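Keep the viewer open as you read.

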Amino acid sequence: MSNPQQLRYSKEHEWLSTAEDGVATVGITEFAANALGDVVYAQLPEVGTTVEAGETCGELESTKSVSDLYSPVSGEITEINEDVVNDPSLVNSAPFEGGWLFKVRVTEEPADLLSADEYAAHTAG
Amino acid sequence: MSSTELRHTALDAVHRALGATMTDFAGWDMPLRYGSERDEHLAVRTRAGLFDLSHMGEITVTGAGAAALLDFALVGNIASVGVGRARYTMICRADGGILDDLIVYRLAETEYMVVANASNAQVVLDALTERAAGFDAEVRDDRDAYALLAVQGPQSPGILKSLTDADLDGLKYYAGLPGTVAGVPALIARTGYTGEDGFELFVRPEHAVRLWQALTEAGEGVGLVPCGLSCRDTLRLEAGMPLYGHELTTALTPFDAGLGRVVKFEKEGDFVGREALAGAASRAEATAPRVLVGLVAEGRRVPRAGFGVVAGGRVIGEVTSGAPSPTLGKPIAMAYVDAAYAAPGTEGVGVDIRGTHEPYEVVALPFYKRQK
């Protein structure tokens, strides 16, 4: 399992892209997708709503459980991935690509986001 | 099972080599899934799946009084089970509460094997041992004497036939016969928990790896895959089969669970729970208890055990098991509901999913029945 070097990561297993024009893309990591099992339902935040770093903004339902979805940063939701709403298995099959979850116009980001290597250490063992 | 070490089956190294995600199940470290649980589920429905069920609890009951003991200790008519046949039954407390549901195999005239759920094996063993007092019968803990492998799915007869001379065509559903599979002595039983045709193979633990590998090779060309406990749960749920701790508990009698038919009042002699169960039977006749029904979601949110079933703004039942159904492509659940809402097609029934009342259709169980 490899975590793309250009992304940053939260300890709650979200990834965050570098912001372009202030807008970053968020998804969950392959590690998290594997731990969840087959994702069957994704409730994503609504476009236009404001999310707070580290607070619940949706949920991911898998065969065996439901998990809260957190935003790794604060900001305004500008887009959600309708492909994932229609086919939640994208979260499992392409967590870092087609399985992205939402885009957020970043207003504030916490200081404790991890690099790919730090995240790999966080999930090891 | 908090501080105790997890127990490992004889196939532990095989599971790890296959990259299984493992889980603590009743004190055993068991495979949850090897890859996608959905793919494993669909493999069992359309081809074949291979399961390690070595956590199940085998108890051997032998002696001239074995049948009499089991008739006293269990609610079924065990003396009437023919040699080579198996029966689904239950063990209840004196107050009628269900201690466990069981499969009892009659291996010989005076020899039975009782298979208990892993989580209840000790309770069942203790109850049988206690109830054996005064009977000419021996109750033996054989949990360590067996590994249990299951091959389930439409391709399973063909896979097994290539590895055994045993007369599988003559082996009926809920029957078992001793034989040899891939050179390994096995009790071959046509039983399972998936809603498909299939076999359960009880073998000595030291033979488990060899048998697993032989089945894997024999099934390679027809799409057999290793399967974990996660898909076992969705398979049994689609098949409408109860799971102890969910649909069955000590708080329920077999009559409350809609399984009163397993209680055989007509058998000779007394049995543990007879009086309480007779009361439960007449109460169930006078006032229908809550009924176990199927629920199918219109939306995509999944009901889980313990969620309230609602209608007209009030709680009319409780979900006992719920999961996304790979076969139906929708979330499904089993739930106990008030009898007035139990008819298939009852309008206005929903499930309270974290505060939102999601609409559900009431259906008859099972959700899935294989074509024979």
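Contact here means heavy atoms within 4.5 Å. On that basis, 19 residues from chain A and 14 residues from chain B take part in the contact. Keep in mind that this is a predicted model, where local features need pLDDT of at least 70, side-chain atom pairs count only at pLDDT 80 or more, and totals for chains, interfaces and linings use all residues. Residues are numbered from 1 along each chain as its sequence is written, chains are lettered from A and ligands numbered from 1 in the order in which they are written, and side-chain values use heavy atoms, with hydrogens and water left out.

Back to the interface. About 1,300 Å² is buried between chain A and chain B, with carbon and sulfur atoms giving 39% of it; buried area is the accessible area (1.4 Å probe) that two parts lose on being put together, summed over both. In chain A, the residues that lose the most area to chain B are Asp38(A), Thr63(A) and Lys64(A), together 41% of what that side buries. There are four salt bridges between the chains, a salt bridge being a side-chain nitrogen of Lys or Arg within 4 Å of a carboxyl oxygen of Asp or Glu. Arg304(B) forms a salt bridge with Glu61(A), and the closest N and O atoms are 2.8 Å apart.

Now into chain B. The domain assignment, automatic or from a database, gives domain 1 (11–54 + 146–239), domain 2 (55–116 + 253–287) and domain 3 (290–371). The centres of domain 2 and domain 3 of chain B, taken over C-alpha atoms, are 30 Å apart.

Next, look at Asp29(B), in strand S2 of chain B; strands (E, at least two residues) and helices (H or I, at least four) are DSSP runs, numbered from the N terminus. Is Asp29(B) buried or exposed? Asp29(B) is buried, because its relative accessible area is 10% and buried means under 20% (1.4 Å probe, protein chains only). Among the residues in contact with Asp29(B), beyond four places in sequence, are Leu6(B), His8(B) and Arg16(B).

Strand S2 also shows up from another direction: the buried residues of helix H2 of chain B pack against strands S2, S3, S9 and S13 and helix H7 of chain B. Those buried residues include Glu37(B), His41(B) and Val44(B).

Finally, Glu200(B) is listed by UniProt, in an unreviewed entry, under "binding site"; such annotations may be inferred rather than shown by experiment. Glu200(B) lies in strand S12 of chain B and is buried, with a relative accessible area of 8%.

How values were computed: Buried means under 20% relative accessible area, exposed over 50%, partly exposed in between (1.4 Å probe, protein chains only).
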